[in-house]
Amino acid sequence: MTPLAVYIHWPYCARICPYCDFNVVRDRGQADQGALAEAIVRDLEGQAALLGPRALVSIFFGGGTPSLMTPDWVARIIETARGLWPPQGEVEISLEANPTDAEAARFAGFAKAGVTRLSLGVQAFDDAALKLLGRNHDAGQAHSAAALAREHFTQLSVDLIYALPDQTPEDWTAEIEAALAFNPDHISPYQLTIEPGTAFDRAVTRGTLTPPGPDDAAALYETTQTVLSAAGFDAYEVSNHARGAAARSRHNLAYWRGEDYVGAGPGAHGRLTLAEGRAATYAAPKVGDYIAAVNQSGVGFVTRETLTLREAALERLLMGLRIDEGVAWSEVASLGLCRSNSRAADLASLGLINVDDDRLSATSAGRAVLDRVIAELADAGR
């Protein structure tokens with residue numbers, strides 16, 4: 001059967017980080033959290049009726065801070081998804097967690113609920129960096145949480161942020177090595193980006209925050225590749241490194257490979273292949289509106305747009321070039337792209353993409369300037 005990934009968005013956070021532009025809300029013990037969990041279950045049931053039979057490959061609890069959920073809610077959602085879409089083989093079940101939520105009973109509860117992979121939002125192992133990033137944990141808590149997670153989950157992924165003001169390659173190397181000390185299966189090093197409307201965006205405008213320039217950021221990116229490669233990690237995606245193929249995020253690969261995924265929870269996105277074609281869904285972003293939408297229509301999404309062939313192909317190019325396996329020429333034919341395209345040949349001669357009879361992919365150098373590569377390829381077929 002057609003594979004299907006399920007994304008669950010839990011929007012509550014104990015603190016809103018200054019770099020975050022996700023759909024999040026401050027956790028103040030709102031009474032509607034139980035109602036939200038129930039709405040997510042009903043949303044999954046409603047979308048299953050639209051989709052029909054699929055093979056469940058992954059469930060990802062993201063946010064927000066899904067480690068603020070009770071393990072019982074997590075267990076119920078997992079049980080619902082597995083009942084609606086029977087898996088073929090092992091299902092990867094991931095949950096994002098903050099180090100401040102690293103209680104032995106809590107982590108054990110998530111593991112018992114069925115979570116197999118913990119994605120730990122450490123971001124840094126340095127107290128000064130954590131303070132700058134507005135995190136509500138310190139380096140000691142980061143170390144304790146990583147050690148505890150290693151005990152309870154089959155796979156551990158650690159998130160880090162680099163390209164901080166005045167950060168040197170030596171500083172960044174020390175951060176990566178601190179993460180490696182916990183023997184993670186997967187590391188996601190994200191370059192700090194200043195998103196419009198965030199607290200960091202306002203700080204940059206005021207002149208109180210100065211991120212590294214392009215050359216310094218590029219040096220930190222190269223440091224990432226060098227240190228993690230030496231530690232046995234494959235850079236299978238722009239910001240994701242795995243210790244072997246089995247440690248790659250099966251859920252995120254569904255996005256990058258253009259597979260179907262259900263999005264449930266406030267503001268969640270989905271991509272579904274329906275009778276009319278590939279559809280993009282977007283759930284109501286506010287918690288109350290999302291619950292109301294589920295109550296009224298049986299599903300949480302308020303927008304369902306059928307993509308044109310060109311839109312679908314452009315999205316496939318955007319996502320597919322992020323990973324080392326790339327994308328098939330046949331999947332981007334609607335953009336007018338083919339192996340003999342002169343722009344593709346130029347990019348290949350510059351060492352930015354690889355081309356063969358069946359596929360094109362970005363090289364390591366190409367992924368460092370991926371926006372440029374994608375823009376040139378998208379324009380090449382016009």
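Which residue forms a salt bridge with Arg 271? In this predicted model, local features need pLDDT of at least 70 and side-chain atom pairs count only at pLDDT 80 or more, whereas totals for chains, interfaces and linings use all residues. Residues are numbered from 1 along each chain as its sequence is written, and side-chain values use heavy atoms, with hydrogens and water left out.

The partner of Arg 271 is Glu 315, with the closest N and O atoms 2.9 Å apart. A salt bridge here is a side-chain nitrogen of Lys or Arg within 4 Å of a carboxyl oxygen of Asp or Glu. The pair links distant parts of the chain: Arg 271 sits in strand β12, Glu 315 in helix α11 (residues 309-320), 44 residues apart. Helices (H or I, at least four residues) and strands (E, at least two) are DSSP runs, numbered from the N terminus. Arg 271 counts as buried at 13% relative accessibility. Buried means under 20% relative accessible area, exposed over 50%, and partly exposed in between (1.4 Å probe, protein chains only).

The closest N and O atoms of Glu 331 and Arg 316 are 2.9 Å apart. Glu 331 is partly exposed at 33% relative accessibility. Arg 316 is buried at 10%. Salt bridges that share partners join Arg 54, Asp 260 and Arg 278 into one network. The whole structure holds 14 salt bridges. One of them joins the side chains of Arg 150 and Asp 185 at 3.0 Å, N to O. Arg 150 lies in helix α5 and Asp 185 in the loop between α6 and β8, so this pair ties together parts 35 residues apart in sequence. Arg 150 is partly exposed, at 24% relative accessible area. Asp 185 is buried, at 18%.

Helix α6 (residues 169-180) has twelve residues. Its span from first C-alpha to last is 16 Å, close to the 16 Å expected at 1.5 Å a residue; the expected span is 1.5 Å times one less than the number of residues. Buried residues of α6 include Trp 172, Ile 176 and Leu 180. The buried residues of the helix pack against α4 (127-132), β7 (155-162), β8 (186-191) and α8 (214-230), contact meaning heavy atoms within 4.5 Å.

Nine aromatic pairs occur in the structure. Rings of Phe, Tyr and Trp (its six-membered ring) pair if their centres lie within 6.5 Å; planes under 30 degrees apart count as stacked, over 60 as edge-to-face and the rest as tilted. Phe 125 and Phe 182 are stacked, 6.0 Å centre to centre with 15° between the planes. Both Phe 125 and Phe 182 are buried. The rings of Tyr 162 and Trp 172 are also stacked, with centres 4.9 Å apart and planes at 25°. Tyr 162 lies in strand β7 and Trp 172 in helix α6, so the pair ties together parts ten residues apart in sequence.

Strand β12 (residues 269-274) pairs with strand β13 (residues 277-283) in the antiparallel sense over six bridges. Strands pair if DSSP finds at least two bridges between them. A hairpin of two residues joins β12 to β13, and Gly 270 stands opposite Thr 281 in β13.
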